Amino acid sequence: MSAERVRASGARQDPAWLRRTLIAATLLVVGVLIVLPVVSVFVEAFRNGAGAYWQHLFADPDTRDAILLTLTVVPIALALNVVFGVAAAWAIARFRFRGRTLLTALIDLPFAVSPVVAGLMFVLLFGLQGYFGGFLQRDGYAVMPYLTSALVVVVLGASYAFLRPSSPKLRRGLWAWPRTTVLGGGVILFAGSVLAQRALGIWPSGATLKIIFATPGLVLATAFVTAPFVARELIPVMEAVGPDEELAAVSLGASGLQMFWHVTLPNVKWGLVYGVILCGARAMGEFGAVYVVSGHIAGQTDTMPLRIEKLFQEYDAPGAFAVASLLTLVAIATLLVKSRLARELPQGGHR
Amino acid sequence: MGARRRVLPGFGLSLGYTVFYLGMLVLLPILACFAKASTLSFHEMADAAWTDRARAAYLLTFGTSLIAALVNVVLGLMIAWVLVRYRFPGKRFVDAMIDLPLALPTSVGGLVYASLYVKNGWLGRYLVPAGINVAYTRLGIVLVLVFVGLPFVVRTVQPVLEDVDPEVEEAAASLGATRLQAFRTVLLPALLPALITGFALAFARSIGEYGSVVFISGNMPYKTEIAPILVVARLEEFAYAEATAIAVVLLVASFALLVAINLLERWSRRHER
Amino acid sequence: MSIEVKGVRKRFGSFVALDGIDLAVPAGALLALLGPSGSGKTTLLRIIAGLEVPDAGTVRHDDADITDHAARDRQVGFVFQHYALFRHMTVGDNIGYALRVRGAPRAEREARVTELLRLIRLEGIRDRYPAQLSGGQRQRVALARALAARPSVLLLDEPFGALDAKVRQELRQWLRNLHDEIHVTSVFVTHDQEEAFEVADYVVVMNQGKIEQVGTPAEVFEHPASAFVMDFLGNVNVFQGRVERGRALAAGLEVPYPQYPHAEARDTAVYVRPHELAVESEPRAESESLEARVVHVNPAGAVVKVELRTELAGQLLNAEIDRERFAALDLKAGDRVFVSPRRVRVFLPDYAI
């Protein structure tokens with residue numbers, strides 16, 4: 001009787017025929033949906049031999065420029081999102097504050113926005129018809145003194161907060177008056193820096209600052225779409241590690257920076273590495289948002305995925321597959337790193 | 001410092017920067033989108049966002065996303081089951097490949113799918129003569145959406161299935177339940193929250209998907225034009241108001257889904273303990 | 001260095017962890033914070049260390065108010081319950097960390113690490129990682145790390161909580177000896193009264209965010225200040241009864257209780273420790289002893305534990321008698337005996353006459 005055999009083989013063991021069927025079905029699904037497409041990318045790319053492949057990649061100046069542009073845009077967007085991800089993970093995993101749940105949900109928001117809509121938003125802000133479009137067109141560089149001065153003030157203010165002695169008895173001079181120092185110093189520094197830049201005429205006046213249909217727009221759109229990745233990888237890792245070692249470092253006399261470099265970073269490094277790689281891979285492959293803000297100027301605002309689409313439209317399949325093969329390699333590298341890191345990432349509470 | 005001092009350093013700095021960055025990069029653009037939409041009167045909005053062509057696009061977007069997400073629930077449950085319960089050669093490889101759609105650029109996915117299923121493609125040369133047209137049809141859209149959404153279901157179901165206490169199933173068996181009864185009455189309820197969450201994630205991802213669909217759909221108005229493609233089409237006609245109106249419909253739908261997913265996760269977490 | 005805590009309060013949401021704590025720790029003392037979980041003892045320790053910020057109140061070291069000082073400036077060595085060793089650093093790097101962040105030269109650091117490894121008797125494990133150590137070894141490394149910068153105060157959170165019974169016993173004595181050697185003001189948290197009595201100079205009993213009693217182990221054990229302390233310090237027999245005119249009456253027994261000379265009778269619980277319950281085979285005087293039956297005898301241990309049930313009320317009692325007396329009585333389950341308290345304790349919380 002088959003029923004008896006089932007029972008004899010254990011309550012959690014499926015009968016052999018079911019096991020075989022399900023495994024075969026899984027292999028078929030994964031094979032057709034995932035493996036076959038990956039294989040076909042490389043087969044199509046090398047259809048006319050390695051020489052032709054090389055030609056497609058580097059002899060075509062527009063393709064070459066697309067690769068270079070991607071290699072410019074991705075590191076900037078990645079750097080922005082790494083700083084953001086570390087800051088967000090630190091605030092959310094280590095502190096309890098009002099609005100923490102809301103902030104966590106806000107971080108995920110870019111995932112919920114269609115990339116095309118994300119691109120549209122930036123067009124609405126910075127495009128010719130957009131809210132800041134007219135101004136950017138007329139005299140866009142006029143904002144640069146303010147932007148750079150604000151950046152200087154923020155960086156110096158943050159360093160002040162970081163370097164300020166934590167004990168009251170050590171706070172003398174400027175350290176003793178944080179509000180006055182930061183506010184007063186900030187205003188003076190900001191005004192001085194703005195006036196100096198204007199007087200020196202560093203930035204061109206009456207010139208157009210292009211954001212949409214130019215590299216800054218590509219960076220913004222890419223950063224928007226990939227913003228959650230680093231934070232999302234780091235938060236669970238940081239929570240699993242727990243704050244005890246950081247508290248130990250602080251009680252042993254470490255400063256904030258020392259604690260961060262000696263304890264926090266080594267403890268979350270694998271989560272950070274995976275977050276960075278995933279974020280980078282997604283940034284390289286971002287299509288919808290970039291498509292909307294790029295304007296498709298060959299050689300200037302075409303990133304690699306946009307170049308694939310253009311080549312595809314021009315019926316240059318081997319060229320499209322050549323570019324696609326590079327991006328596929330990045331994706332495969334990401335998977336390899338992930339399966340390697342699976343062992344390093346803490347799976348939860350073990351100490 | 002403020003009234004409440006914190007023991008670990010960097011709270012103000014990290015929270016301040018997080019809020020600033022999110023505000024500038026994410027909230028400001030979203031606000032701009034809604035601000036632009038609010039300059040339209042109700043009629044203008046309806047004219048822009050509720051045309052026959054737009055409605056056909058919504059229907060197609062949500063319909064194909066729904067079908068793809070349902071297919072993903074079935075396939076995802078099966079794959080998760082096989083990966084957790086069975087041992088077979090190549091298992092680690094299959095497990096690793098599941099994440100590929102997350103890492104592979106959508107444009108590459110679209111490109112490959114389009115070329116696999118055209119008349120002289122690797123699969124198209126067998127399917128097209130048999131009367132199955134994938135390229136430039138709705139079936140093609142569903143197919144790429146299944147590709148894009150597959151990891152979400154597998155990766156939400158897999159850990160839950162791994163955590164199911166083996167004794168629960170053994171208890172069911174010792175109480176006289178058949179294998180199928182045990183699955184239906186004991187396992188499926190435990191997996192249900194994860195299945196629903198995976199479904200919602202795959203569905204949300206599909207609604208916004210653009211890069212892969214644009215290659216395979218052919219983008220014929222009323223037939224294979226999904227909503228994001230319509231947004232781009234309007235933009236290319238410099239019809240910003242119309243594009244924004246459609247975008248707002250998409251935004252509201254995806255925000256509603258985001259809220260639903262968050263509630264679901266809270267609900268399923270409560271069921272775990 | 002002495003520690004003084006005044007009026008410290010702390011709440012987490014609606015949970016009141018500390019409800020107005022005043023405590024002085026004399027310089028060089030070894031003090032135990034003893035209490036059940038949720039009593040606030042760990043929170044108090046963390047506030048002294050600067051790892052938690054009080055809602056109100058002050059913390060002083062000697063004469064300096066350090067309430068607003070960050071943890072890193074307090075010259076405090078803290079040993080975490082789960083050790084919190086830096087998992088990616090070797091034992092040597094862990095122990096030397098406090099000197100490293102103070103910018104001490106390498107040679108000085110190495111010398112101090114060697115000295116501390118000798119102190120904790122673990123010279124051979126300098127280059128190992130925390131994951132390669134046993135629980136007891138980690139505990140000692142955590143202690144050495146806390147001592148490296150010569151803190152003026154040493155704080156330990158449940159230092160033996162995560163260890164098995166034998167290692168625990170060893171480490172207790174070792175900590176006691178270590179304190180006698182280096183004489184740094186130390187405070188440790190425990191929920192184990194035996195541990196507190198064995199190791200500490202002073203015991204602070206805490207309950208629900210308040211201090212119930214402070215004293216030497218002998219004082220606390222001999223003169224518990226409240227019903228809670230009495231209860232918490234170990235198994236005790238409780239009778240419902242009353243006090244009047246210098247006597248306590250419970251379960252038909254009458255015992256002198258000169259602390260309450262008033263005529264007005266008051267209902268109260270009467271506490272008798274197991275070793276203060278005399279067990280006899282014959283009744284002494286009708287009014288003084290209580291007839292009971294032996295339910296169970298546990299002769300394993302330095303004293304013999306006897307479980308009894310009173311004939312009249314059917315109440316279960318625990319008694320402890322020494323081995324010689326046990327041999328003389330020759331008790332076994334079912335025997336009829338007579339018990340009488342040698343000493344009773346009564347707590348009248350609102351006693352104000």
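The following paragraphs describe the confidence, the chain interfaces and some individual residues of a predicted model.

Residues are numbered from 1 along each chain as its sequence is written, while chains are lettered from A and ligands numbered from 1 in the order in which they are written. As the model is predicted, local features need pLDDT of at least 70 and side-chain atom pairs count only at pLDDT 80 or more, whereas totals for chains, interfaces and linings use all residues; side-chain values use heavy atoms, with hydrogens and water left out.

Helices and strands are taken here as DSSP runs numbered from the N terminus (helices: H or I, at least four residues; strands: E, at least two). Within chain B, helix 3 (residues 52-85) has the highest confidence, at a mean of 95, and helix 9 (residues 166-174) the lowest, at 82. Where pLDDT is low, the predicted coordinates should not be read in detail.

The interface of chain B and chain A comes next. Counting contacts as heavy atoms within 4.5 Å, 90 residues of chain B and 94 residues of chain A take part. The buried area, meaning the accessible area (1.4 Å probe) that two parts lose on being put together, summed over both, is about 8100 Å² for this pair of chains, and carbon and sulfur atoms give 79% of that area. On the side of chain B, the residues that lose the most area to chain A are L8(B), Y86(B) and W122(B), together 9% of what that side buries. Salt bridges (a side-chain nitrogen of Lys or Arg within 4 Å of a carboxyl oxygen of Asp or Glu) number 2 across this interface. A salt bridge joins the side chains of R179(B) and D14(A), at 2.7 Å from N to O. Polar contacts are pairs of N or O atoms within 3.5 Å; within protein, one atom must be able to donate a hydrogen and the other to accept it, and residues adjacent in sequence count only if both atoms are side-chain atoms. Between chain B and chain A, 13 residue pairs are in polar contact, both residues being at pLDDT 80 or more. Helix 1 (residues 11-38) of chain B supplies the largest share of the side of chain B that touches chain A, with 19 residues. That side divides into 69 nonpolar, 11 polar and 10 charged residues, where Ala, Val, Leu, Ile, Met, Phe, Trp, Tyr, Cys and Pro count as nonpolar, Asp, Glu, Lys and Arg as charged, and the others, Gly among them, as polar.

Chain C also meets chain A, through 25 residues of chain C and 23 residues of chain A. The area buried between chain C and chain A is about 2300 Å², with 56% from carbon and sulfur atoms. In chain C, R72(C), R87(C) and Y97(C) lose the most area to chain A, together 26% of what that side buries. The interface of chain C and chain A has 1 salt bridge, and E245(A) and R87(C) form a salt bridge at 2.8 Å, N to O. There are also 10 residue pairs in polar contact across this interface, both at pLDDT 80 or more. Strand 6 (76-79), helix 2 (91-101) and helix 4 of chain C are the elements that give two or more residues to the side touching chain A. Helix 2 of chain C gives the largest share, 4 residues, and the side as a whole divides into 14 nonpolar, 3 polar and 8 charged residues.

Over all chains, the structure holds 41 salt bridges. For burial, residues under 20% relative accessible area are buried, those over 50% exposed, and those in between partly exposed (1.4 Å probe, protein chains only). D302(A) pairs with K310(A) in a salt bridge, with the closest N and O atoms 3.0 Å apart; D302(A) is buried at 2% relative accessibility, as is K310(A) at 18%. In chain B, E225(B) and R53(B) form a salt bridge with closest N and O atoms 2.7 Å apart. E225(B) lies in the loop between helix 11 (211-216) and helix 12 (227-236) of chain B and R53(B) in helix 3 of chain B, so this pair ties together parts that are 172 residues apart in sequence.

Terms used: pLDDT = per-residue confidence, 0-100.
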